[in-house]
Amino acid sequence: SVRGTPLEGNQWQVTVEVAEWPEIKEVRIVGNTVVKTDEIVKAIHDYITPGTVFTEKSVRPAADAIQALYTTKGYYAGPGLITDFGPMRESPNTINIEIDEVRVGTVSVEGVKTTRSSVMRRLIKTRTGDVFSPTKWTNDLRRLINTQWFESVKWVDADQQEPDRVNLVANVKETRTGQFNIGLQLDPQNSLAGILKLSDTNFRGTGQTVGFNFIQATRASGPSVDFDYVNPFFDHKDTTLRASLYSRVI
């Protein structure tokens, strides 16, 4: 505050009273679960450091540094990430930083008709209650695309009931995964062979691949038969099992 006191000879004494912000003795960080406290303290060291005087102008760059740290690790870091940043009322020498991490509300997939829900859960790693990671969710959608079971995969907007919750919805359109081929082939010795091929890369919606090949040549003593099997979810670590049984006439 500024106060003026009149003196003799039409002069004034001007008194300026200032109140410094408190000296920082402790930085208290709460609410963070996926980013370690030590990492946050290190990120804001240039702006908030014990032993220095707190200033309001240091809040914005320190908050930006925290948001950048979350973004670097692949987590959502929107405007509502930090809900409180400043000296505590009951302990002015303690700077309180409260973080409200956005978590996943619901995870759902629209458009699935054949693929089993248990298989979708193996492909989509994001779970209800997880701290929302756009990077992880994008990888989930990419994993769906890479199966080649779907003609299209889209991330669609969902109703958000709570500001600190995000509901995730993937819209997919399944494509045909089974194939049936029958035909003839001619080898270099002018021998004809009949071919029959059956395969399905998402057999009965289980995500397993089953293939059957049958070849019968006109000059051979018998048919060649191949049976192929692939299970991409052999165990809880998503180990892929590939097996082939065959009887071939050369």
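**Ground rules.** I'm working from a predicted model, where local features need pLDDT of at least 70, side-chain atom pairs count only at pLDDT 80 or more, and totals for chains, interfaces and linings use all residues. Residue numbers run from 1 along each chain as its sequence is written, and side-chain values use heavy atoms, with hydrogens and water left out.

**The sheet.** I looked up the strand order (strands are DSSP E runs of at least two residues, helices H or I runs of at least four, numbered from the N terminus) and got β6-β8-β7, an open sheet with mixed pairing. Pairing takes at least two DSSP bridges between two strands. At the edges sit β6 (103-110) and β7 (150-156), each pairing on one side only. I checked β7 against β8 (residues 165-174): they run antiparallel, over six bridges. Trp155 stands opposite Ala170 in β8.

**The helix.** Next I took α4 (residues 134-146), which packs on the sheet and touches β6, β7 and β8; contact means heavy atoms within 4.5 Å. I checked its length: at 1.5 Å a residue (times one less than the number of residues), its 13 residues should span 18 Å, and the end C-alpha atoms are 18 Å apart, which agrees.

**Its buried side.** Which residues of α4 are buried? I find Trp137, Asp140, Leu141 and Leu144, with buried meaning under 20% relative accessible area (1.4 Å probe, protein chains only).

Notes: Axes are lines fitted to C-alpha atoms, for helices over the stretch in contact, and angles run from 0 to 180 degrees between N-to-C directions. Buried means under 20% relative accessible area, exposed over 50%, partly exposed in between (1.4 Å probe, protein chains only).
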